[in-house]
Amino acid sequence: AILVIFFLMVVLPIYWIVATSFKTSDEILDLQNITYYPHLFTWQNYADLFSQYDYGVLFKNSLLVSVTSALVVTFLSILGGYSLARYKFKGKTAIILFFLVTQMIPRILVIITLYIIFSRMGLINTHAGLFIYYVAVNLPFCAITMRSFFERIPVTLEESARVDGCTKLQSLFKIVLPIMFPGIVSVFVFGFIGAWNELIAGTIFISTPDMWTIPVGLKTLIGKYNVEWGLLMAGGVMALLPTAVMFAVMQKYIVAGMTAGAVKE
């Protein structure tokens with residue numbers, strides 16, 4: 001019963017977004033006769049979204065920044081997580097603690113400082129500025145997550161590979177990383193979603209419409225005296241599609257326990 005209630009809490013808002021995106025403006029704004037499905041089915045909201053608000057440009061910008069930052073975060077997390085899991089060096093505990101503490105600081109507190117730094121570096125209103133920000137805020141958590149995945153893999157696997165003639169890098173890329181593929185996928189998905197759904201930094205660092213990401217573009221549909229509900233819901237559906245497809249394709253990899261039985265003591 002609890003799971004059913006939770007399921008409805010998650011699914012019903014999504015259903016309402018999808019249903020509203022196919023309604024006409026008159027049907028959406030008619031509060032006297034609320035409809036729970038579109039009586040007059042229309043694609044006009046989606047057509048207007050691409051023709052009037054250049055949603056294709058927003059989608060391209062979001063995809064560019066999110067994919068590149070997620071790839072860099074994943075690569076650096078692999079290197080950092082491996083170092084934190086396998087090597088013993090002075091200050092290791094302090095680094096891990098610092099990474100954890102950064103997750104407790106609200107990001108809005110550092111926005112002003114970053115804005116001053118980025119403005120002096122010429123990174124305001126550039127995708128490079130957003131890219132640096134997304135890598136910086138997502139990397140600590142992803143590195144700690146990757147460290148936990150590395151710690152689940154027995155060191156004896158690497159030692160066996162070394163005995164068979166593999167170098168340190170060969171054992172990492174040929175033995176460890178293939179086993180860790182679910183962890184790598186999880187970190188990539190986290191980095192992608194963290195950049196894809198982010199609004200505050202995009203609003204502050206980006207000022208021209210041709211550089212906006214999807215969250216920033218959708219925010220402009222909410223005016224002081226009017227809200228473009230049809231376009232807003234259509235944009236929300238389009239924003240949900242990439243993450244939904246990503247989870248549908250990669251869900252079989254986001255699992256644990258792939259190393260079970262890999263080593264016989």
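Colleague: Are Arg-86 and Glu-158 buried or exposed?
Modeller: Both residues are buried, where buried means under 20% relative accessible area, exposed over 50%, and partly exposed in between (1.4 Å probe, protein chains only). This is a predicted model, in which local features need pLDDT of at least 70, side-chain atom pairs count only at pLDDT 80 or more, and totals for chains, interfaces and linings use all residues. Residues are numbered from 1 along each chain as its sequence is written, and side-chain values use heavy atoms, with hydrogens and water left out.

Colleague: What do the side chains of Arg-86 and Glu-158 form?
Modeller: They meet in a salt bridge, at 2.5 Å from N to O; the term denotes a side-chain nitrogen of Lys or Arg within 4 Å of a carboxyl oxygen of Asp or Glu. Arg-86 belongs to helix 4 (residues 55–86) and Glu-158 to helix 8 (residues 155–163), so the pair ties together parts 72 residues apart in sequence. Helices are DSSP runs of H or I, at least four residues, numbered from the N terminus.

Colleague: How many salt bridges are in the whole structure?
Modeller: The search finds two. Arg-147 and Glu-151 also meet in one, at 3.2 Å from N to O. These residues are four apart in helix 7 (residues 127–152), and therefore separated by about one helical turn. Glu-151 is partly exposed, with a relative accessible area of 42%.

Colleague: Turning to helix 6, where is its kink centred?
Modeller: The kink, of about 25 degrees, is centred on Leu-114; the bend is the angle between axes fitted to the seven residues ending there and the seven starting there.

Colleague: Which residue follows helix 6?
Modeller: Gly-122 does, and its phi is positive, near 75 degrees.

Definitions and conventions: Helix = DSSP H or I, 4+ residues; strand = E, 2+ residues; numbered from the N terminus.
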